[in-house]
Amino acid sequence: MTRRVAAVTGGASGIGEACARELARQGHVLAVLDRNREGAERVAGDIGGRAYTVDVGDEADVERVVAAIETELGPVAALVNSAGLLQVPVRPAELAMATFDEVVRVNQRGLYLCCVAFGHRMVSRREGAIVNIASIAGMGSMPLHAYCPSKAAAISITECLAAEWGPAGVRINAVSPGYTLTPAVQAAIDRGQRDPSDLARVAALQRMIDPAEIATAVAFLLSPAASAITGINLPVDAGFLCGVTWTQYGGLRQPLSNMG
Ligand SMILES: NC(=O)c1ccc[n+]([C@@H]2O[C@H](COP(=O)([O-])OP(=O)(O)OC[C@H]3O[C@@H](n4cnc5c(N)ncnc54)[C@H](O)[C@@H]3O)[C@@H](O)[C@H]2O)c1
């Protein structure tokens, strides 16, 4: 049997890297896409895949890379869009529009461009599945005035394209991670911009998420086991969304020793 080809953007690091490793473990041939050439080559080398350098926000670059992947590895059956930029939590007055534009260019425009470049080919073959990495930040308000709207857009793009391409049998879903310990988040912690105990405290499971836990959910949505699922946004958040609203009641309660 020929092995199915999967492509992962942002595959050089964090959640994208974990997705690439999980999909390779499940038997896919991997195209690892990233603007970080060295990182993409490291991951691709580890899993017997192939690295592709790309800026997801650049339309011509994306088209060039998608055509090269399909020529060199074969038709792509599964796509994960994980390339993304985080942002510093500043007030609007301190948020340079150049930063705003770059976050939107990568997280919204780049995600859309990759969906369309790979998706058009999937539609022509009547086969394929896509997962977009959105965020819990796209589902509520945080002091991230570029990042939150860009992630809300990722969820909306997912829904619009799911309806557009469902009749062709192409499925597209979003996964919204909660606070996941990746190099990007670790760097923000190291800069003092995020406090790991704050991040963990409000989540029902009282911890951060391992990138591998996001990857298993992504792999499920890409697999035939999810054949009737399209257009959804699946939070993988260690219970952040159900826990955060308890803050106004003093926060989550520790279990009583005799009652659980
Ligand atoms: N870590 C979290 O807590 C968390 C939570 C929710 C959502 N997310 C989302 O998950 C995704 C991955 O985040 P992460 O934490 O793994 O970050 P990360 O920085 O570890 O990985 C992101 C990767 O994307 C690549 N990238 C950035 N801009 C690119 C571009 N223009 N073209 C190609 N590649 C580019 C980077 O080089 C990097 O390898 C992002 O979309 C992020 O918004 C992360």
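Author: Keep in mind that this is a predicted model. We begin with a loop residue. Leu 86 sits in the loop that joins strand 4 (76-81) to helix 4 (97-125).

Reader: Is Leu 86 buried, exposed or partly exposed?
Author: Compare its relative accessibility with the cut-offs. Under 20% is buried, over 50% is exposed, and partly exposed lies in between. Leu 86 has 38% relative accessibility, so Leu 86 counts as partly exposed.

Reader: Which residues does Leu 86 touch, not counting residues up to four places away in sequence?
Author: Leu 86 touches Val 103, Tyr 147, Ala 184 and Val 185. Take Leu 86 and Thr 180: they are 94 residues apart in sequence, and their C-alpha atoms are 12 Å apart in space.

Reader: Where does Ser 135 lie?
Author: In a loop again. Ser 135 falls between strand 5 (129-133) and helix 5 (147-165).

Reader: Is Ser 135 buried or exposed?
Author: Use the cut-off of under 20% for buried. Ser 135 has a relative accessible area of 7%, so Ser 135 is buried. Its contacts, not counting residues up to four places away in sequence, are Tyr 147, Lys 151, Ile 155, Val 175, Ser 176 and Pro 177. Look also at its side chain: a polar atom there lies 2.8 Å from the backbone nitrogen of Ala 137.

Reader: Now helices. At what angle do helix 1 and helix 2 pack?
Author: Read the angle and the axis distance together. Helix 1 (residues 14-25) and helix 2 (residues 37-47) pack at about 15 degrees, and their axes are 10 Å apart. Angles under 35 degrees count as roughly parallel. So helix 1 is roughly parallel to helix 2. Their crossing is right-handed.

Reader: Which residues make that contact?
Author: Helix 1 supplies Glu 17, Ala 20, Arg 21 and Ala 24, and helix 2 supplies Arg 42, Val 43, Asp 46 and Ile 47. By class, this contact has 4 nonpolar, no polar and 4 charged residues.

Reader: How are helix 1 and helix 8 placed?
Author: Helix 1 and helix 8 (residues 211-222) pack at about 55 degrees, with axes 8 Å apart. That angle makes helix 1 and helix 8 oblique to each other. The crossing of helix 1 and helix 8 is right-handed.

Reader: Which residues meet there?
Author: Among them are Ala 18 and Leu 23 in helix 1, and Ile 214 and Val 218 in helix 8. By class, the contact of helix 1 with helix 8 has 11 nonpolar, 2 polar and 1 charged residues.

Notes:
Residues numbered from 1 in each chain as written. Predicted model: local features only at pLDDT ≥ 70, side-chain atom pairs only at ≥ 80, totals over all residues. Heavy atoms only, no water. Axes fitted to C-alpha atoms, helices over the stretch in contact; angles between N-to-C directions. Helix = DSSP H or I, 4+ residues; strand = E, 2+ residues; numbered from the N terminus. Parallel < 35°, antiparallel > 145°, perpendicular 65-115°, else oblique. Left-handed = near helix turned anticlockwise from the far one by under 90°. Contact = heavy atoms within 4.5 Å. Nonpolar A, V, L, I, M, F, W, Y, C, P; charged D, E, K, R; others polar. Buried < 20%, exposed > 50% of the residue type's maximum accessible area, 1.4 Å probe, protein only. Polar contact = N/O pair within 3.5 Å; in protein donor to acceptor, adjacent residues only side chain to side chain.
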